[in-house]
Amino acid sequence: MTVRQLPTADLGLTSLLRAADWPGEDLRGSAHVQILDEATLGPSRLLVVASRESPGTRYFVPVLRAEPAREAVGHAAHDRAVVEAMRDRLALPTAAGNVIQFDGDPAPFRDTRPFDPGWSTNALSLADLDGALHIHKAYRRIDADTREAHLLRLMHRGGRTQRWVGDYHYVERATGRRHPLGLLYAYAEGDSLDLPLRHSIRSMWPILHGGAEPAEAVAAAQRGLTGELPAVGRFLRDFHTELADRLGPTPMIPVREYLRQTGARVAALSARISADERYPRAVRDAVVVALTGELDQATASAGVPWPAGPAHGDLHLSHILRQESEGGWQLCVIDLSTPAADPADPVGSAQSPWQDIVALLRGLDIFTADEFVHQAAMRLGTDQDDTCRTVLLISAGHPPDTPGWTPSRITALRRMHDAASRWAGQVRRLLLTGYAGPPENWQEHPAWRIFRLRRLLHELDYAYAHDQHYHAAINLRHVLQNYRPAGAGEN
Ligand SMILES: Nc1ncnc2c1ncn2[C@@H]1O[C@H](COP(=O)(O)OP(=O)(O)OP(=O)(O)O)[C@@H](O)[C@H]1O
Ligand SMILES: [Mg+2]
């Protein structure tokens, strides 16, 4: 592939990469960004770039020819050119002899509309195609493992995910490999599942502060959800069934090796937690004992079959969209990230639908913890980080060690914590009842326990790697609350 040193005229690209919030350190910190390949599409240059230090990590950066420091996605002229290229099934040759292959059957482009997707790894814009809203998603990382376009083509007729309308790929001449660059799909009206949950828990606090018992406050706050959440659970079960029908079976999970890796990760993280002097020694010790205890117990009973099967791969509350309708919520799951089975890495690519549900419920617990801490800090006039840390200490049976935690504040904190835990427990039960039918003991199944442990390890690793003390404190507390033997400490 031809490698071009960035000409001075591309200083625009350098400043784009410096200013944007998405480039990793490899691009932002590099003084040597290289354009590896490029093509011209209407008003835009479609660039394939990498830093000289990590040439294997390639990025797709469409920029406007007239304004090289502006990303093109979201500009009507660019979105129009992409949609027209799909309609024409254009095979666009690139400077280095490769091809960008457009495909699809979109309606004629009218306009690009304002759209704020929140923080996103990729570039998203909202396009009006003959009066119907669509999303154009351009992948910034060039990665043959990005499978969303492929998955939507398989799944979209089932109506449980976005309707596929078109896509485009970077096709390398030498290898024939196809790397997804972008996707066009129908916009799903509505909002994501965290919104009704936020409304519900927010409506609980005034009831609780008005003197109601926690159980009573939870019941009142969830009145509007009790019919809908089991339907969300059923929807997810049907989604998994459809995914398995369309993708076929996945390999068995190599349990022994999976457990060995989990053990290694528990050991590494335990060392990190033990060395974390932000918390009293007794608290750190309690967390490490709880983590290793859970690993040992789940491992001891792991010799039963584990459920394998394709999973969404990145399920969290905001990837479930819902729209209110006469007959209840209409649901749609977005951002399908089902990993491909990788014979070279059977453990890393092992998958089970339970991983999705575990991840979703962890998302619920973190959401609840964040809401509780935020509300408690506001109510008590305390600092949010300090409140979060203090709840961890109390959960470990350790007295608060920062000023201001009077007995009455602690009592109020416990009461709010109790209500938040009940609220989350009830949401969990409603979702699981829908997913699994009548509640069974499968949350005690070793596979479930190990998946949940892995998710917690992942969250903690991430929090430590990104120096997120607040989130680490939440996760450490959840370790204690989930895994501490009854009777130990305060919880
Ligand atoms: N079909 C859709 N209908 C409505 N909103 C959507 C749709 N697709 C995406 N969005 C909005 O855009 C956001 C980002 O979309 P998506 O999660 O697919 O992007 P992503 O770049 O893969 O994000 P992430 O970094 O979270 O993986 C969604 O959380 C949602 O708010
Ligand atoms: Mg994504």
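Start by colouring the two domains: the centres of domain 1 and domain 2, taken over C-alpha atoms, are 34 Å apart. Domain 1 covers 4–187 and domain 2 covers 194–483, with bounds that come from an automatic or database domain assignment. Residues are numbered from 1 along each chain as its sequence is written, and chains are lettered from A and ligands numbered from 1 in the order in which they are written. Keep in mind that this is a predicted model, where local features need pLDDT of at least 70, side-chain atom pairs count only at pLDDT 80 or more, and totals for chains, interfaces and linings use all residues.

Domain 1 puts 11 residues into the contact and domain 2 puts in 15 residues (two residues are in contact if their C-beta atoms, placed from the backbone, lie within 7 Å). On the domain 1 side you'll find 4 nonpolar, 3 polar and 4 charged residues. Here Ala, Val, Leu, Ile, Met, Phe, Trp, Tyr, Cys and Pro count as nonpolar, Asp, Glu, Lys and Arg as charged, and the others, Gly among them, as polar.

**Next stop: ligand 1.** Why does ligand 1 lie between domain 1 and domain 2? Both domains give residues to the shell around ligand 1, so it lies between them. Of the 16 residues around ligand 1, select Pro117, Ser120, Thr121, Asn122 and Asp335, which come nearest (a residue is near a molecule or strand if its C-beta atom, placed from the backbone, lies within 6 Å of it). The shell around ligand 1 is made of 8 nonpolar, 7 polar and 1 charged residues.

Select the open sheet of 7 strands, ordered S5-S6-S10-S11-S9-S8-S7 with antiparallel pairing. Helices (H or I, at least four residues) and strands (E, at least two) are DSSP runs, numbered from the N terminus, and two strands pair if DSSP finds at least two bridges between them. At the edges sit S5 (91–93) and S7 (109–113), each pairing on one side only. From one strand to the next, the twist averages 20 degrees.

Zoom in on S10 (residues 164–171) and S11 (residues 178–186), which run antiparallel and are joined by 7 bridges. Valine 171 has arginine 178 in S11 as its bridge partner. Then show helix H4 (residues 148–155), which lies across S10 and S11 at about 45 degrees to S11; axes are lines fitted to C-alpha atoms, for helices over the stretch in contact, and angles run from 0 to 180 degrees between N-to-C directions.

Now try S2 (residues 33–41) and S3 (residues 44–51), an antiparallel pair with 8 bridges. Glutamate 38 is opposite leucine 47 in S3. Their hairpin has 2 residues between the strands, and glycine 42 takes a positive phi near 50 degrees there.

Serine 192 has leucine 321 of S13 as its bridge partner.

**Last stop: a helix pair.** Select H5 (residues 194–209) and H12 (residues 407–436), which pack at about 145 degrees with axes 11 Å apart. Show Leu197, Ile201, Met204 and Leu208 of H5 against Met416, Ala419, Trp423 and Val427 of H12, the residues that make the contact. By class, these are 8 nonpolar, no polar and no charged.
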